[in-house]
Amino acid sequence: MSVDFLVAMVGLGALYALLTIGVALLFGILGLMNFAYGEIIMAAAFAMYLFQHSPWPVAVAMALVFAVVVALLSERLAFFRLRDADPVTLMIASFAVSLAVQSVARMTVLPRAQGVSPKSFLTRHLDLLGASVSVRELLTLALCGGALAAVALLLGRTGLGIQLRAAAENFQMAKCLGVRANLVIPCAFVVVGVLAAISSIVLVWRQGSVSADMGLQPMLIGVVGAVVGGMSNLRGAALGGFLLGAATTLLETVLPANLIAFRDSFLFTTVILVLIVRPQGLLSGAKVRVS
Amino acid sequence: MFSSARSKTGRRVAVAAAAVLSAALVAGCSSGASGSESKKEVVIGFALSQSGNMAPFDVEPGKAAMLRVDEINAAGGVNGKKIKTISEDVRSDPNTVGTAVTDLIAKGVNLLVLPCDFDLSAPGATAAQSAKIPAISICAGDPKMANTTTLGDYVFSANAGSDVEGATGAAWAAQRGWKKAYLLQDQSIEYTKSAGKYFEAQFKSLGGSIVGSDSFPGGDNVDVSSQILRLKRASPQPDFVYVASWNPGGATAIRQLHQAGIQTPIVGPAALDGKSLLNSVGSTAKDIYYTAFACYAYCSGQKSPTLDKFAKDYTSKYGAQPSSSYALLGYNMVSAISEALAHASSLSGPDVRAALVDSQPLTTPVGQVKYFSKTCHKIIDMPLTVVGVDSGKMTYVGQQRAKSLPKLGDNNSCAG
């Protein structure tokens, strides 16, 4: 295997792991399977489109702001009142949020796909162990890897992280022990917004286009990755996402050209096989909170 | 006593309901009758996408068609009859297309205009076929739209077709002296598949060779990293890459080829056209060529006063320039329809259909265009405009005709 192939494979794996973490985090803490995750990604991508002619740090900052605002608004307007509802109600509510945000975007700012100009630094190349690797692939790897490491640090080493994990483990007990729900839950949404923004920045750099329904596929990847890895275990979710991304690249490499159109059938057949053998996911946590 | 009173009330309600119903029925019948009796106007139903992923291909041709309708009406209409239009948004959803078309047929349209894509038009075309109302896709490119057996003999497309686009791209590349092609095939829709297939066959028949071919699933989230790695290893290296795709996925694929450092020229079909390609590939991209329908507004160099007038009228009517050359197809389509209607012996479905298949060459802003025949229900002959992208600008390269279409044994009634 060549270096450029490995970088592409690990890069997509890291991106998918990031998408998966964003979905799994809220499921762990709230029991919320957040189908509106794709729309948070779309909001960040829209910011990248809107500020494409500003210096790139501005566009990146605005992407973060847009994503966090949409994430927090969805929490405040929809999920706040449903905090003690059962997971199915939450899931349906997230569907509603997803469709609502998507429709509003389609009616107002994104009736059709829009192009986003590439930044010149993305087209550069580096020689790495004899192979020419694009800066874009390396940045994907660095950003997604960095974000994953930051989430690991946040959850493992900080007070907020401990509260988040405690809330994920047993929400009622954590509340009794002084974890403030009104602080922890919005914090979780902020973290999710930041993760969605980073994934979105990488997606826009790769694709160069923004549309109202662009979040659908990343969201599905997140959900499937989380199910494969184990819903209630963040490490498992990251692993599931990573494997999904790596398998996608691998399939596109080994499949003959006339079968590439059916890549997803091969991919999801594998997912079904994995779930038959391990229905709880690859690395499953102790239990899933069902309020 | 009590019960009889109640039954009386019940009877009264029933009578009232029956009266309302029959009144509605009479109203419905009478309005239908007056519509078919007077025939002071021709009604065209537009079932196009105003939103969703197909909207970029439907909205502007639809607006350009309305512009032409207004021009024709201002000049007195078709044989003294004004053209009336009824529009419904099909939201890029095949399910909605069927319902919208059924509804438009119920409203008494004489002719239907369907979305710019085979897959999306199909449900509407089937409904139109069974009602024997001619249905013209405003710009679907797949040749299956044009043979009279797949969807029916009342179904047309006002586009040259992706088979012609692929073959024209091949003819242009061969004329340029390029011998070795690499085919990058988008598998997402029928349009892209037939563009790739006909490109390959025509390029081979013109003496070129395909040094490698590859495909990607296409759609909204495109990532061609693996395909790029294989292209880099192709031996011998190609003179150009034919990207048989559509926007935004096609623009994404080209952007990723560039970002991976591939400098080989790129050739593609018309669905890559538009301002969004420029945005996606950026201002440093060069050597991208595609076979569009015209070069105007955002593209410069095609000297045609009628084309400039079209772009100017469109811009002043809608307050924005057309953002792709598909708009012109909608404009030309209405010209072709009005020509056919002027020669139709009546406005009944079969007569309008007969007039359409008997169409004569039409003078359009891009030159002579021959529309339909008995066996080929799409544009039979039309010059395509090759547009080149260089440093953030689109410029006219030249006009190219495919001359002939290779026979691939795929039931394409326009080939040979």
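Helix α1(A), residues 3-30 of chain A, has 28 residues and reaches 40 Å from its first C-alpha to its last, close to the 40 Å expected at 1.5 Å a residue, where the expected span is 1.5 Å times one less than the number of residues. This is a predicted model, in which local features need pLDDT of at least 70, side-chain atom pairs count only at pLDDT 80 or more, and totals for chains, interfaces and linings use all residues. Residues are numbered from 1 along each chain as its sequence is written, while chains are lettered from A and ligands numbered from 1 in the order in which they are written. Helices (H or I, at least four residues) and strands (E, at least two) are DSSP runs, numbered from the N terminus.

Because 23 of its 28 residues are buried, α1(A) is largely enclosed by the rest of the structure; buried stands for 20 or more other C-beta atoms, placed from the backbone, within 10 Å of a residue's own. Just after α1(A), A:Gly31 takes a positive phi of about 70°.

The contact between the chains takes 36 residues from chain A and 36 residues from chain B, two residues being in contact if their C-beta atoms, placed from the backbone, lie within 7 Å. On the side of chain A that touches chain B, the largest share, 4 residues, comes from α1(A), and the residues of that side divide by class as follows.

| Class, side of chain A | Count |
|---|---|
| nonpolar (Ala, Val, Leu, Ile, Met, Phe, Trp, Tyr, Cys, Pro) | 12 residues |
| polar (the others, Gly among them) | 15 residues |

Technical notes
A residue is buried if 20 or more other C-beta atoms lie within 10 Å of its own, exposed if 12 or fewer, and partly exposed in between; C-beta atoms are placed from the backbone.
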